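Hi,

Here is the structure I promised to pass on to you. Please open it beside this email, and then read on for what I found.

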Amino acid sequence: MKRPTELELGKQETNHLIKEKNMELLTTNNVWMMLCAALVFFMHLGFSFLEIGLTRQKNTINILFKNFFIITMGLIMYCLIGFNLMYPGEFNIIGGGYLGFAGFGLDAAAAADLTYNEGYTYWTDFLFQGMFAATAGTIISGAVAERIKISSFMLITLIYVSIVYPIVGSWQWGSGFLSTLTDNVGFYDFAGSTLVHSVGGWGALVVIYILGARKGKFDSDGKPQAIPGSNIPLSAAGVLILWLGWFGFNGGSVLSADPANTSLVLVTTCLAASAGGFGATFFSGLLYKNLDITMFMNGILGGLVGITAGADQMSPTDAIIIGTIGGVIVVLGVSLLDKAKLDDPVGAIPVHLFAGIWGTLAVGIFGASAGFDQFMVQLASVGIVGIFCVICTTIITLLIKSIAGLRVAEKEELDGLDITEHGTGAYADFAMK
Amino acid sequence: MKKIEAIIRKAKFDEVLEALHQIEVNFFCYWDVTGRGNEKIGKVYRGISYSTKDIERTFLSIVVSDSFVDKTIKAITDSGATGEIGDGKIFIYNCEEAYRIRTGETGNQSFN
């Protein structure tokens with residue numbers, strides 16, 4: 001065996017050093033990404049609390065059941081189908097970036113390769129993305145609360161989370177056709193104002209349109225009535241948990257622990273949340289002469305959803321403007337839904353759909369990639385995703401409606417879904433009206 | 001013996017309690033009630049204005065000997081009034097008998 005020369009020895013040493021350094025970097029990045037996955041997981045508690053607090057006590061168990069179902073089955077379905085539908089590698093079913101599928105289940109061989117990505121391992125990638133996927137289903141849960149049949153809800157969200165969401169995601173994050181929509185400009189959606197929030201929002205809009213409003217939400221003249229939430233402090237906890245979760249939702253979407261980018265993203269995210277709360281409170285105060293805490297809370301979420309598409313593109317000032325407008329849009333959205341006779345108890349559609357569209361378009365108006373071409377690409381992508389989601393949800397919902405029915409009976413709705421669908425109440429020994 | 005029922009403002013509860021204590025009426029029950037009256041309360045929820053006639057008050061149930069009736073009523077009206085609509089009501093009933101469960105004492109003895 002030939003002994004290595006001194007020069008070759010030096011090279012080996014350098015290679016070794018580079019390898020060790022990369023390994024250290026991967027470890028650091030990966031820890032951050034796992035933390036972010038955990039934060040996004042925590043958002044499911046936030047969604048549950050928000051929804052419980054803004055609805056009536058008689059439906060609490062039903063809401064918890066829906067949220068548990070989404071996170072558990074959502075993760076399993078994302079493992080079996082979703083992940084490989086969203087990141088197919090090559091679009092082998094409909095070429096050109098429309099539809100691809102890399103097979104069922106996770107790939108342990110791919111996971112063994114630590115050069116998979118410099119920011120995270122294969123396992124972390126799956127878990128982080130899986131937490132995102134479940135979020136899209138949770139958005140529907142809030143909007144349809146207090147009147148949907150639990151079995152039908154489970155079917156709708158199951159199909160939505162395991163098929164519709166990953167297909168839309170693959171068009172952009174899986175390097176599909178949206179990411180290269182025109183020759184020089186591609187769609188930009190940093191952490192999913194459109195791909196996560198609007199996808200959930202479109203689904204919610206279609207389902208509540210077909211489902212109809214809660215009994216008592218509109219009187220015989222069609223005038224909207226207030227159905228006050230049962231536990232505002234719980235909702236407040238939910239909103240702050242969601243805000244915390246967004247540190248992971250946006251912070252993790254950098255896809256590494258890159259010091260400059262992650263810090264900037266956390267700053268823009270938090271500023272937009274603050275501005276959204278301010279915008280909604282100030283605007284609803286002017287409009288209704290009342291300081292409404294539920295608008296404050298929805299406004300914060302509107303600001304968060306708004307910044308999500310361009311959190312790494314914006315300056316702090318941009319973030320404040322985007323957040324403020326997001327908050328105003330949420331207030332207008334709530335009143336628009338009331339006028340359209342659509343019943344969304346928690347404001348999921350103003351927050352996730354309307355503010356999501358705004359945030360997506362804002363990438364073409366503010367920040368690093370602003371410009372007319374970018375704006376048009378953002379607008380086109382919002383439209384394409386919207387049309388696809390509306391068509392898919394309409395088909396799924398009408399199909400399930402014709403097979404199993406969509407709504408509980410009127411008596412069940414009045415008695416509350418806890419006792420009729422789940423056989424018990426949430427606070428058995430604690431009576432309240 | 002008379003049973004005195006009083007429906008008073010929640011905000012006046014502490015003052016009424018103190019006034020009753022001053023005249024040495026120390027035994028009674030109370031609970032929060034919701035009822036209806038002339039008053040209307042305007043509320044706003046998520047941009048929808050609505051008004052409710054559901055009014056929250058505190059309900060007192062006091063049993064006293066006949067000689068205490070007048071000063072109890074005076075104590076409640078003096079301490080519970082604001083002069084505005086919604087100060088509440090007082091109702092007086094005859095009480096047939098009273099027992100102290102521990103000793104079996106009856107009548108005035110049972111609550112003095």
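Where the two chains meet, 14 residues of chain A are in contact with six residues of chain B, a contact being two residues whose C-beta atoms, placed from the backbone, lie within 7 Å. On the chain A side, helix H8 (259-288), helix H9 (293-308) and helix H10 (316-339) each supply at least two of the touching residues. Helices (H or I, at least four residues) and strands (E, at least two) are DSSP runs, numbered from the N terminus. Sorted by class, this side of chain A has seven nonpolar, five polar and two charged residues. Here Ala, Val, Leu, Ile, Met, Phe, Trp, Tyr, Cys and Pro count as nonpolar, Asp, Glu, Lys and Arg as charged, and the others, Gly among them, as polar.

Before you go further, please keep in mind that this is a predicted model: local features need pLDDT of at least 70, side-chain atom pairs count only at pLDDT 80 or more, and totals for chains, interfaces and linings use all residues. Residues are numbered from 1 along each chain as its sequence is written, while chains are lettered from A and ligands numbered from 1 in the order in which they are written.

Next, the cores. In soluble globular proteins, nonpolar side chains tend to be buried together. A nonpolar core is a set of buried Ala, Val, Leu, Ile, Met, Phe, Trp, Tyr and Cys residues joined through C-beta atoms within 7 Å. A residue is buried if 20 or more other C-beta atoms lie within 10 Å of its own, exposed if 12 or fewer, and partly exposed in between, again with C-beta atoms placed from the backbone. The largest nonpolar core has 121 residues, and Val144(A) and Ala204(A) have the most contacts inside it. Leaving out residues up to four places away in sequence, Ala204(A) touches Ile139(A), Ile140(A), Ala143(A), Val144(A), Ala348(A) and Ile349(A). Another core, of 13 residues, lies apart from that one and includes Leu20(B), Leu60(B), Ile62(B) and Ala75(B).

For a contrast, look at Glu24(A), which sits in helix H1 (residues 6-53) of chain A. Glu24(A) counts as exposed because it has 10 C-beta neighbours inside 10 Å.

Now to chain B, which has two helices and four strands. From the N terminus on, its elements run β-α-β-β-α-β. Chain B is more spread out than a compact globule, because its radius of gyration is 17 Å, well over the 13 Å that the globule rule gives for 112 residues. That radius is taken over C-alpha atoms, and the rule is 2.2 Å times the number of residues to the power 0.38. Of the 112 residues of chain B, 17% count as buried.

The four strands of chain B form an open sheet in the order E2-E3-E1-E4, with antiparallel pairing; two strands pair if DSSP finds at least two bridges between them. Strand E2 (29-45) and strand E4 (88-94) of chain B are the edges, each pairing on one side only. E2(B) pairs with strand E3 (residues 48-64) of chain B over 13 bridges, and Ile41(B) has Thr52(B) in E3(B) as its bridge partner. Strand E1 (residues 2-8) of chain B pairs with E3(B) over seven bridges, where the bridge partner of Ile7(B) is Phe59(B). E1(B) and E4(B) pair over seven bridges, and Lys2(B) stands opposite Asn94(B) in E4(B).

Enjoy exploring!
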